Amino acid sequence: MKDLLIIGAGACGLSSAHFAKKAGLDVAVFESSDRVGGKIQTSSIENCFDGNNPNGGGQLIAEHGPLGWLDHEPLLQELCRDLGLTPIESQAADEHRYILHNQRLVPLPLSPGAFLRSALLSLSGKIRFAIEPWANLSDNANESVWAFAARRFGVEAANTFTQAICGGLFAANPRETDMNAMFAPLVGVEHRDGQITRSMRGFARRAAQSGGTAICTFQDGLEVLPLAMAESLSGHVQLESPIDNAHFHNDAWSLYIDGEEVGRGRNLLLTCPAKTTATLLRHLEPSLIDFADAARGQDLTVTTLVYPEIDLAAPLHGFGILGSTDPTFPIQSVQFLHNSFSTHTPRHCAVLRVMTKEPQFDTRELQALLGLPAKPKFAVTHTTPMGVPHYRVGHAQRFEKLEDRLAAWRGLHLGGDSFSGIGINAAVRRGAKIITKILSADS
Ligand SMILES: Cc1cc2nc3c(=O)[nH]c(=O)nc-3n(C[C@H](O)[C@H](O)[C@H](O)COP(=O)(O)OP(=O)(O)OC[C@H]3O[C@@H](n4cnc5c(N)ncnc54)[C@H](O)[C@@H]3O)c2cc1C
């Protein structure tokens with residue numbers, strides 16, 4: 001019998017397995033597909049167009065899922081050290097981000113001076129923003145991102161920034177998105193300090209002093225991480241193993257495929273999407289079905305486009321377009337990869353990573369805005385079904401209640417981004433937390 005059975009070999013399942021093995025636990029990971037990584041997926045395209053060499057030759061590292069992780073998570077540093085991996089960081093010189101506002105690209109203001117000059121808010125909107133420290137406090141645990149921002153910064157700022165940020169980062173509607181689940185640290189700052197502007201300024205100052213916040217990945221792309229974790233867990237990860245049943249009997253968990261028991265363990269961690277978790281555990285906790293329904297996600301498509309620099313009307317500076325203030329704009333975000341990860345892009349080319357909800361988009365949407373030629377020289381597209389779960393208002397409370405009910409089942413744990421945080425950092429933090437919980441229950 002194993003100490004821990006894990007369903008899913010994405011960032012959460014594999015990092016949990018890594019920390020479990022490091023703590024001396026015997027672990028088995030079951031993955032339905034024929035590869036590890038889950039949403040993390042990298043393609044290395046050798047003969048992509050090269051601006052200097054029309055016959056090809058420039059290499060493109062295209063990330064079809066996440067681009068990287070924010071560098072502030074010590075657990076990821078520990079993971080990389082354990083695996084002997086050296087991350088690379090996005091180039092800091094090109095941190096500037098734009099917001100698409102009234103069909104124009106407006107730089108996101110990063111200093112009080114830039115904020116005062118910015119076209120993103122009217123004068124009255126700026127004054128309302130500035131009196132944030134005196135805004136009303138609220139004990140509403142089920143506030144939307146938009147409602148939180150409107151209460152603290154005013155309606156105009158909420159309309160301008162929350163759509164661009166929630167839409168750009170999570171393809172989500174800020175009026176339906178749970179503030180507590182998505183931006184818990186900001187809610188924590190409000191509870192602690194009674195305001196957030198000063199704390200955010202302090203955070204921005206400290207980040208600037210330490211060289212800014214970078215996005216981390218690897219020379220050969222992000223998939224290096226799950227591949228290295230799977231290699232160090234060799235023999236403990238079973239691919240093409242779609243678990244279709246889970247049962248608790250005689251004080252242990254059993255997993256099944258087509259009626260055959262494939263694993264038995266004292267603890268079970270599910271990191272698959274909420275819908276699959278609900279199917280596997282509905283006989284134990286029927287409310288999982290409603291939970292999964294509320295957290296159902298949104299397909300996300302990443303299109304990577306390559307243009308020769310000489311064909312552009314003007315060079316594309318900065319990190320890219322964070323998001324749009326217009327919810328009907330068909331593009332969620334655009335990253336200018338040639339600035340942030342030039343080692344991943346062919347020389348003398350502009351490389352755009354465009355995120356959309358629809359599987360296709362018309363490149364003419366970007367043509368006039370960015371001064372692009374009619375057609376890219378190279379394009380690659382990938383859709384991640386249910387790419388990002390949606391944490392609708394009340395998600396954090398629903399998850400807390402669900403965990404309370406599931407506590408009745410010894411050794412049962414929920415991970416994965418349907419439940420407790422979206423992103424690589426959240427996945428690894430959740431994995432480490434669950435392993436600590438298992439170890440403390442054992443001691
Ligand atoms: C397009 C896109 C861009 C993103 N950009 C970023 C970014 O830049 N930075 C960032 O930090 N995050 C980003 N994210 C979010 C991030 O990728 C995810 O939050 C994170 O990778 C989720 O990891 P996970 O292990 O929770 O889930 P997953 O990666 O979904 O892994 C779950 C695994 O479970 C397996 N599985 C499902 N059912 C079964 C079953 N029955 N039996 C066995 N296995 C099963 C699946 O095949 C999968 O491998 C992005 C996501 C997308 C889609």
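Where is the place of N102? Select N102, and you will find it in the loop between β7 (97–101) and β8 (104–107), where helices (H or I, at least four residues) and strands (E, at least two) are DSSP runs, numbered from the N terminus. Residues are numbered from 1 along each chain as its sequence is written. This is a predicted model, in which local features need pLDDT of at least 70 and side-chain atom pairs count only at pLDDT 80 or more, while totals for chains, interfaces and linings use all residues.

N102 has a phi near 50°, a positive value in a residue other than glycine, and N102 is exposed, with 9 other C-beta atoms within 10 Å. A residue is called buried if 20 or more other C-beta atoms lie within 10 Å of its own, exposed if 12 or fewer, and partly exposed in between, with C-beta atoms placed from the backbone. Select Q103 next, which is found in the loop between β7 and β8; its phi is positive, at about 60°, although Q103 is not a glycine, and Q103 is exposed, with 10 other C-beta atoms within 10 Å.

Now colour the chain by domain, with bounds that come from an automatic or database domain assignment: domain 1 (2–39 + 223–296 + 390–442), domain 2 (42–94 + 298–388) and domain 3 (110–209). The centres of domain 1 and domain 2, taken over C-alpha atoms, are separated by 31 Å. Across their boundary, 19 residues of domain 1 are in contact with 17 residues of domain 2, contact being defined by C-beta atoms, placed from the backbone, that lie within 7 Å. On the side of domain 1 that touches domain 2, the elements giving two or more residues are α1 (11–22), α10 (224–232) and α16 (424–442). That side has nine nonpolar, six polar and four charged residues, where Ala, Val, Leu, Ile, Met, Phe, Trp, Tyr, Cys and Pro count as nonpolar, Asp, Glu, Lys and Arg as charged, and the others, Gly among them, as polar.

Select α10 by itself. Seven of the nine residues of α10 are buried, so this helix is largely enclosed by the rest of the structure. The buried residues of α10 are V224, L225, P226, L227, A228, M229 and A230, and they pack against α1, α2 (74–83) and β10 (237–238).

Move on to V306. Together with V29, V306 touches the most other members of the largest nonpolar core, which has 115 residues; such a core is a set of buried Ala, Val, Leu, Ile, Met, Phe, Trp, Tyr and Cys residues joined through C-beta atoms within 7 Å. Leaving aside neighbours within four places in sequence, V306 is in contact with residues including C48, F49, L60 and K377.

V393 is buried, with 22 other C-beta atoms within 10 Å. Although V393 and D178 are 215 residues apart along the chain, their C-alpha atoms are separated by 3.9 Å. Beyond its neighbours within four places in sequence, V393 is in contact with N142, S144, E176 and D178.

Finish with helices α5 (residues 145–153) and α6 (residues 155–170). V145, W146, A149, A150 and F153 in α5 meet V155, A157, A158, F161, T162 and C166 in α6, and the residues of this contact divide into ten nonpolar, one polar and no charged.

Definitions and conventions: Two residues are in contact if their C-beta atoms, placed from the backbone, lie within 7 Å.
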